[in-house]
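Hi,

Here is the structure I promised to pass on.

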Amino acid sequence: SPAVAGVITVPIDPAGGSTLAVPIAAALARQAGMGVEIVAVPRASLSSDACLADPVRDAIAGGAPRAHGHLLLAYRPAGAIVDRVEHNDSVLVCMATRSRAAVGKVMLGSVSAAVVRASPVPVLLVGPAVRQVGERVRRLVACVDGSELAERALPFATDLAQRLTAELVL
């Protein structure tokens, strides 16, 4: 299909190993004709962009029409990710989450939770129970409750459903 404007931004943890968020984003990008941008916020000791090469190759192998990587040098990963999304052509963020006890979440916080709260675009979280990439997206479900926040989400859901040529269910 012809390329459509927009990218799916995939934050990765350079020290965390592979993640299903990359092939899931690649499958969505293939379906919607979008690109994939892999972003990483490495620790100070890992300031090389070498950690991006394998995920970019995985995105291309997964069928993304185009993929590239971008290293974000910042102290606060969530803030850097949200800033990148605000300044690129991102339509969706697709990121992995880790299983963590409730006490750990409260004490340490969560990059994915902070991105969800601050992202200007929808965020698809790939949890630790996800084991494989699913088939083509045929239906997108948007939950609405009459609130202002839900109303603001509808244009994003409509746009994403159109890009995926999927049915939108409210």
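**Starting with Glu37**

Glu37 counts as buried because its relative accessibility is 1% (buried means under 20% relative accessible area, exposed over 50%, partly exposed in between, with a 1.4 Å probe and protein chains only). Before going on, note that this is a predicted model, where local features need pLDDT of at least 70, side-chain atom pairs count only at pLDDT 80 or more, and totals for chains, interfaces and linings use all residues. Residues are numbered from 1 along each chain as its sequence is written, and side-chain values use heavy atoms, with hydrogens and water left out.

You'll find Glu37 in strand β2, residues 35-40. (Strands are DSSP runs of E, at least two residues; helices are runs of H or I, at least four; both are numbered from the N terminus.)

What does the side chain of Glu37 make polar contacts with? One partner is the side chain of Asn88, at 2.6 Å, and another is the side chain of His68, at 3.0 Å. (A polar contact is a pair of N or O atoms within 3.5 Å; within protein, one must be able to donate a hydrogen and the other to accept it, and residues adjacent in sequence count only if both atoms are side-chain atoms.)

Skipping residues up to four places away in sequence, Glu37 touches Ile8, Thr9, Val10, His68, His70, Arg84 and Asn88 (contact means heavy atoms within 4.5 Å). Ser90 is 53 residues from Glu37 in sequence, yet their C-alpha atoms are 8.5 Å apart in space.

**The cores**

The largest nonpolar core has 32 residues, and those touching the most other members are Ile8, Val10, Ile12, Val36, Ile38, Ala59 and Cys94. (Such a core is a set of buried Ala, Val, Leu, Ile, Met, Phe, Trp, Tyr and Cys residues joined through side-chain atoms within 4.5 Å.) At least two of its residues come from each of β1 (7-12), α1 (21-32), β2, α2 (53-61), β3 (66-71), β4 (90-96) and α6 (148-164). The top contributor is α1, with eight residues. There's also a second, separate core of twelve residues, with Ala78, Ala80, Val93 and Val121 among them.

**The whole chain**

Zooming out, the protein chain has six helices and seven strands, in the order β-α-β-α-β-α-β-α-α-β-β-α-β from the N terminus. Of its 170 residues, 36% are buried. Looking at contacts between residues at least 6 apart in sequence, 77% join residues at least 24 apart.

Cheers
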